[in-house]
Protein chains: 2
Amino acid sequence: MSPAKPAVYVVDDDPSVRGAMKRLLKSVGLPVKTFASAREFLDQATPEWSGCLMVDLRMPGMGGLDLQYQLNARQISLPVIFLTGYGTVPASVRAMKAGAVDFLEKPVDDQTLLDAVHKALERDRGAKRDQAEMQALHQRLAALTPREYEVLAFIISGRLNKQAAAALGTTEKTIKVHRARIMEKLRCASLAELVRLAEKAGIKTLD
Amino acid sequence: MSPAKPAVYVVDDDPSVRGAMKRLLKSVGLPVKTFASAREFLDQATPEWSGCLMVDLRMPGMGGLDLQYQLNARQISLPVIFLTGYGTVPASVRAMKAGAVDFLEKPVDDQTLLDAVHKALERDRGAKRDQAEMQALHQRLAALTPREYEVLAFIISGRLNKQAAAALGTTEKTIKVHRARIMEKLRCASLAELVRLAEKAGIKTLD
DNA sequence: ACCGACCTAGGACTAAAGTCCAATTTACTT
DNA sequence: AAGTAAATTGGACTTTAGTCCTAGGTCGGT
């Protein structure tokens, strides 16, 4: 369940680059894993991996931009840092538009690279935290019965119990029961909390 | 009060580029204003301007990136499209990191440029809409007295009137009065609405 | 000194929501 | 067929919140 320990995943077809990267990153205490191709990385990566990705733009077979695209398609959300010897403006623009953390040209200054890595790791921590929060939230919401979910929509829309009852063709008494169960299942101590929880989960209000 | 009509602001030191841009943009019905330098643009621009900015990266005096920086400092939030004849990867990365919509190299394809402009205008519409919403919201909040603002914090934290009363050293009765005034001033028909409004305004809950 | 805001507060209710209790009807699973 | 989760409802209250109306005290500005 808990994501793997954060690491820097280096994807480069040049063995000497992989070696140099590994040495540099390890020297500052960062776990590193290297891959000789995008294919090799994709075959092993899972959505549980955390950390960041450092990838060469131009490689035989699948290039860095294609890899970035494939990651999105597979729900693998690792911040990407591009590294390249022959970068072009259009390529860097495409990469940045696609959400890359940085786009560096070889030879790259050690400090510049480490700064980018730390920024990427920080971004991933934030993303993973948000992700975990959302998952916990939806897990709680999954405990609601269909009817309770309907009632929830009325509550967070500011409707009175009697209004919800009329709209759902039942009585105020029943709504109160559902309401109490909702508060209990979602562990909300107040309506204010409930509204914020629903807001975070993106539950739509009525009308 | 209402922002000026959206236009495309072209900043380029080359008169022929300004002319060409003006012709192209006008041909698709877009209002255009041209400037020969970043300085000239900054001297005239106000936060009310809406639309987008198309700026040459390299110009005598202040360059495009500096202009982008100055805009932020002056609360002028126009989406920026960079145009350049001699773009470098680091420059494009810096521009994109700073939030540029696109970074295009001359000679640029008409359609590519128009696509970027439309995207920028769309982004600006969204930003201006959000901005207006936030302003209206803070305007309403400004109607609250200091005491009402304190009470509001308790309400959106899910506290009972009696709890707020105890904490503020007053009576439940008084809290009810404040509460009613808050709902009226903020034009909220329900607690759910109030919580969402406060959330949007970024009002902190207690503890 | 007077005005207008702001904060205060009591009386007297009405209405809405929450809390115990217990109970019935379905729909679906084992 | 028995068991279970879900949805339903009633009774009997207690708590909270909201609604009128009225009204005292404080303060800063004219």
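This is a predicted model: local features need pLDDT of at least 70, side-chain atom pairs count only at pLDDT 80 or more; totals for chains, interfaces and linings use all residues.
# Questions on the structure

Biologist: Which elements give two or more residues to the surface near DNA strand D?
Modeller: DNA strand D is surrounded by 16 residues, the closest being A:Thr145, A:Arg147, A:Thr170, A:Thr174 and B:Asn161. Two or more residues of this surface come from each of these elements: helix H6 (146-155) and helix H8 (172-185) of chain A, and helix H7 (161-168) and helix H8 (172-185) of chain B.

Biologist: Which elements give two or more residues to the surface near DNA strand C?
Modeller: Around DNA strand C there are 16 residues, and the closest are A:Asn161, B:Thr145, B:Arg147, B:Thr170 and B:Thr171. The elements with two or more residues in this surface are helix H7 (161-168) and H8 of chain A, and helix H6 (146-156) and H8 of chain B.

Biologist: Which element supplies the largest share of the side of chain A that touches chain B?
Modeller: In the contact between the chains, 20 residues of chain A meet 20 residues of chain B. On the chain A side, at least two residues come from each of helix H4 (89-97), strand S5 (102-105) and helix H9 (191-201). The largest share, six residues, belongs to H9(A).

Biologist: How many nonpolar, polar and charged residues make up the side of chain A that touches chain B?
Modeller: Chain A brings 20 residues into contact with chain B. By class, these residues are nine nonpolar, five polar and six charged.

Biologist: Which residues of H4(A) are buried?
Modeller: The cover over the buried residues of H4(A) includes helix H3 (64-73), S4 and S5 of chain A, together with helix H4 (89-97) and S5 of chain B. After H4(A) comes A:Gly99, whose phi is positive, near 100°. The buried residues of the helix are A:Ala91, A:Ser92, A:Val93, A:Ala95 and A:Met96.

Biologist: Is chain A more spread out or less spread out than a compact globule?
Modeller: Chain A has nine helices and five strands, which follow the pattern β-α-β-α-β-α-β-α-β-α-α-α-α-α along the sequence. For 207 residues the globule rule gives 17 Å, and the radius of gyration of chain A, 24 Å, is well over that value. Therefore, in comparison with a compact globule, chain A is more spread out.

Biologist: What are the spans of the C-alpha trace of chain A along its principal axes?
Modeller: Of the 207 residues of chain A, 30% count as buried. Among contacts in chain A with a separation of 6 or more, 63% link residues 24 or more positions apart. Along the principal axes, the C-alpha trace spans about 75 × 35 × 30 Å.

Biologist: Which are the edge strands of the sheet in chain A?
Modeller: Chain A contains an open sheet of five strands with parallel pairing, in the order S2-S1-S3-S4-S5. An edge strand here pairs on one side only, and this holds for strand S2 (32-35) and S5 of chain A.

Biologist: Which residue in S5(A) stands opposite A:Thr84?
Modeller: Strand S4 (residues 80-84) of chain A pairs with S5(A) in the parallel sense over four bridges. In S5(A), the residue opposite A:Thr84 is A:Glu105.

Biologist: Why is one side of S2 and of S5 in chain B left without a neighbour in the sheet?
Modeller: The open sheet of chain B has five strands in the order S2-S1-S3-S4-S5, with parallel pairing. Strand S2 (32-35) and strand S5 (102-105) of chain B stand at the edges, so one side of each lacks a neighbour because each has a single partner strand.

Biologist: Which strands of chain B does helix H3 touch?
Modeller: Strand S3 (residues 51-56) and strand S4 (residues 80-84) of chain B pair in the parallel sense over four bridges, and B:Val55 has B:Phe82 as its bridge partner in S4(B). Helix H3 (residues 64-73) of chain B packs on the sheet, its direction making about 150° with that of S3(B). The strands touched by this helix are S1 (7-11), S3 and S4 of chain B.

Methods:
Residues are numbered from 1 along each chain as its sequence is written. Chains are lettered from A and ligands numbered from 1 in the order in which they are written. Two residues are in contact if their C-beta atoms, placed from the backbone, lie within 7 Å. Ala, Val, Leu, Ile, Met, Phe, Trp, Tyr, Cys and Pro count as nonpolar, Asp, Glu, Lys and Arg as charged, and the others, Gly among them, as polar. Two strands pair if DSSP finds at least two bridges between them. Axes are lines fitted to C-alpha atoms, for helices over the stretch in contact, and angles run from 0 to 180 degrees between N-to-C directions. The radius of gyration is taken over C-alpha atoms; the globule rule is 2.2 Å times the number of residues to the power 0.38. A residue is buried if 20 or more other C-beta atoms lie within 10 Å of its own, exposed if 12 or fewer, and partly exposed in between; C-beta atoms are placed from the backbone. A residue is near a molecule or strand if its C-beta atom, placed from the backbone, lies within 6 Å of it.
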